[in-house]
Amino acid sequence: MCGIVGYVGYRKAVPVLLHGLQRLEYRGYDSAGLAVLDEKSKKIIVEKQVGKIKDLQEYIWGKEINGNIGIAHTRWATHGPPSIENAHPHTSKSEAFAVVHNGIIENYAKLKDELIKKGYQFKSQTDTEVIAHLLEEYYEKDLLTTVLKVAKMIEGAYAIGVISTVEPDKIVALRKGSPLVVGIGEGENFIASDIPAILEYTKTFIALDDEEIAVITKDKVEVYDINGNKVEKKPFTVKWDLVAAEKGGFKHFMLKEIYEQPKTITDTISGFFSDLNNPVYNEIKNIQNIVIIACGTSYHAGLVGKFWIEKFVKIPTIVDYASEFRYRDFPVNEKTLIIAISQSGETADTRFSAIDARKKSAKVLSIVNVVGSSLSRESDFVIYTYCGPEIGVAATKTFTAQLITLLLFSLKAGLERGNLTQEEFEKYYNDIIHLPHLVNEVLKQDKAIEEISYKYHNVKDFLFLGRGLNYPIAFEGALKLKEISYIHAEGYPAGEMKHGPIALIDENLPVVCIVPKDSLYEKMISNIQEVKARKGIVISVSDSQDSHLLSLSDNIIKIPSVENENLYPIVSVIPLQLLAYHIATILGKDVDQPRNLAKTVTVE
């Protein structure tokens, strides 16, 4: 979950590395560091600092670090607490090798013991330091050969960047299980954990696959497999511009991304209809059961998708946490479709679960945002969302894009299986294309939601309730609040409230109720009455003008009415994102980089 960046070329390396780290800080922000091959001393200069990238920048301000090749790292701690010693890059005993690493070396303890017996001393508690010492121990006059040897010794998931004084013209990069891209420039080349890190310098990239090694100089990039065989890789071009990865006048990336959702929805609809010949729709005719696997926010999107798939495709569907699915003996076969949902396409639990399912003959459809990501390449089929980069750690626009994609997939698959007529499909499409306008209407409630946030920002607990299609939205609303404000919150299907959570309700507990005027409206009104009978504080998210609901609600957040109730989840989640955002900012929290979290979870 850390971020790495590397540069070799004609520019001074330090500014390139620092800019890259700034754009990777969402991946980890407890410490940061860089290593540059100094052109005068021919030594590796390492600078590290605990804290955020700005702390590293301030620390090295005014220092003369000249060199055109270097690697850098921003950390999300796995082995050892944040400290100067545990920050990357790590160097070997003679300081001839420097390493940055994202991931986990599972057998590092055994390797460390062996190295200690050989006289190596360790400065850190990290698993990464073993890599630097192994490189020195086994160096055989060729850095590529040495990295290949070390790669066969280490176990786990990792992306690694190496520079060395013994071969000072190159970076060697290795990837297994953690994301790594190579940026292609003119007279300069790059490595990075994610595209935005180097997007200001190039739009041409190579995505490394598992167990591939890249040797990068300023003039060329060569890729090899784990056995040292050269691999031909086709570069791809990214259509994002740098502005898409900047705040654009908003106070936080999260708020910018909330406001980008009308455009995201439009782009995702357009992208979906440009891919109507996706071969998954031929395969859907042979499928007997569907399993959706995902984590976090993507899991909540999958819960909503289950309703749509079962309604329109009429195939039994379950939704499982990817982190659990991999370790269950769940029966899948060639008649099973796995739908793996991941914004980054690099989520370790989701990727490995999908890979295991494919080994059992299941077909895998991935829904991802990042073109060329690992999951997209490891799947039988892929449908992309079209969000551009999402920098805020708490997912917002990618969630609504996932919902749109799942809905459109369900409708198209239902059409292919004969459960919908073309006329019905087009009617749904006409409803869906109005969603950007409806979301804009919700965004107009921003100030009203901020005022409500001031009322409740000091409470210790929240309860979120919804029914049917909207109970996963209650889960998502609670997750957003927990992630960025650190207030305890729980989401529940409203019908389950009386089976336990009702014991929590008193005059101090705000209960956020998602109450669209849909087929379960009266059921939700009954649940709200149960809350009020226990003196709970009711915050209703609704399009209803019903006087009864108004009398039961302490606060109402208005959403626009929709003709088709299947669209309510997409408009009802926006107020919950804004509520979480405003409560967190009122509390002074860092909403873009909440504590203990990283944008892309590339370790189990």
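This dialogue walks through several features of a predicted model.

User: Start with charge pairs. How many salt bridges are there?

Analyst: The general idea is that side chains of opposite charge can pair when their charged atoms come close. In this predicted model, the count comes to 37 salt bridges.

User: Take K256. Which residue does K256 pair with, and how far apart are the closest N and O atoms?

Analyst: K256 forms a salt bridge with E260. Their closest N and O atoms are 2.6 Å apart. K256 counts as buried, because its relative accessibility is 6% and the cut-off for buried is under 20%.

User: Now E140 and K149. Are they buried or exposed, or in between?

Analyst: Both are in between. E140 is partly exposed, with a relative accessible area of 45%. K149 is partly exposed too, at 35%. The two form a salt bridge, with the closest N and O atoms 3.5 Å apart.

User: How are E450 and K447 placed in their helix?

Analyst: They sit three residues apart in helix α16, residues 446-456. That spacing puts about one helical turn between them. K447 counts as exposed, at 61% relative accessibility. The pair forms a salt bridge, and the closest N and O atoms are 3.5 Å apart.

User: Zoom in on R175. Where is it, and is it buried or exposed?

Analyst: R175 is in strand β8, residues 171-176. It counts as buried, at 1% relative accessibility. Setting aside residues up to four places away in sequence, R175 touches a list that includes Y158, A159, L180, L208, D209 and D210. E346 and R351 are also among the residues it touches.

User: How far is R175 from Q288?

Analyst: They are 113 residues apart in sequence. In space the separation is 36 Å, C-alpha to C-alpha.

User: Next, helix packing. What numbers describe α4 and α5?

Analyst: Two packed helices are described by the angle between their axes and the distance between the axes. Here α4 covers residues 129-138 and α5 covers residues 143-151. Their axes come within 9 Å and cross at roughly 125°. That makes α4 oblique to α5. The crossing is right-handed.

User: Which residues make that contact?

Analyst: From α4, L134, L135 and Y138 take part. From α5, the residues are T146, V147, K149 and V150. By class, the contact has five nonpolar, one polar and one charged.

User: How many residues of α4 are buried?

Analyst: Nine of the ten, so α4 is largely enclosed by the rest of the structure. Among the buried residues are E129, H133 and E136. The elements covering them include β5 (90-91), β6 (97-105), α3 (108-117), α5 and β7 (156-164).

User: Now α13 and α20. What is their arrangement?

Analyst: α13 spans residues 397-416 and α20 spans residues 568-586. Their axes come within 10 Å and cross at roughly 175°. They are therefore roughly antiparallel to each other. F399, T400, L403 and I404 in α13 meet P569, I570, V573 and I574 in α20. The contact has seven nonpolar, one polar and no charged residues.

User: Stay with α20. What does Y581 touch?

Analyst: Y581 lies in helix α20 and counts as buried, at 4% relative accessibility. Leaving aside neighbours within four places in sequence, Y581 is in contact with K251, H252, M254, L255, I258, I484 and V591. Y581 and E450 are 131 residues apart along the chain, yet their C-alpha atoms are separated by 8.8 Å.

User: Last, backbone exceptions. Which residues does a cis peptide bond join?

Analyst: Most residues other than glycine have a negative phi, and most peptide bonds are trans. In this model, a cis peptide bond joins H88 and P89, with omega about 0°. P89 is in the loop between β4 (69-75) and β5.

User: Where are E95 and K535, which have a positive phi?

Analyst: E95 has a phi of about 60° although it is not a glycine. E95 is in the loop between β5 and β6, and it counts as partly exposed, at 42% relative accessibility. K535, also not a glycine, has a phi of about 70°. K535 is in the loop between α18 (521-533) and β24 (537-542). K535 counts as exposed, at 60% relative accessibility.

Methods. Residues numbered from 1 in each chain as written. Predicted model: local features only at pLDDT ≥ 70, side-chain atom pairs only at ≥ 80, totals over all residues. Heavy atoms only, no water. Salt bridge = Lys/Arg side-chain N within 4 Å of Asp/Glu carboxyl O. Buried < 20%, exposed > 50% of the residue type's maximum accessible area, 1.4 Å probe, protein only. Helix = DSSP H or I, 4+ residues; strand = E, 2+ residues; numbered from the N terminus. Axes fitted to C-alpha atoms, helices over the stretch in contact; angles between N-to-C directions. Parallel < 35°, antiparallel > 145°, perpendicular 65-115°, else oblique. Left-handed = near helix turned anticlockwise from the far one by under 90°. Contact = heavy atoms within 4.5 Å. Nonpolar A, V, L, I, M, F, W, Y, C, P; charged D, E, K, R; others polar.
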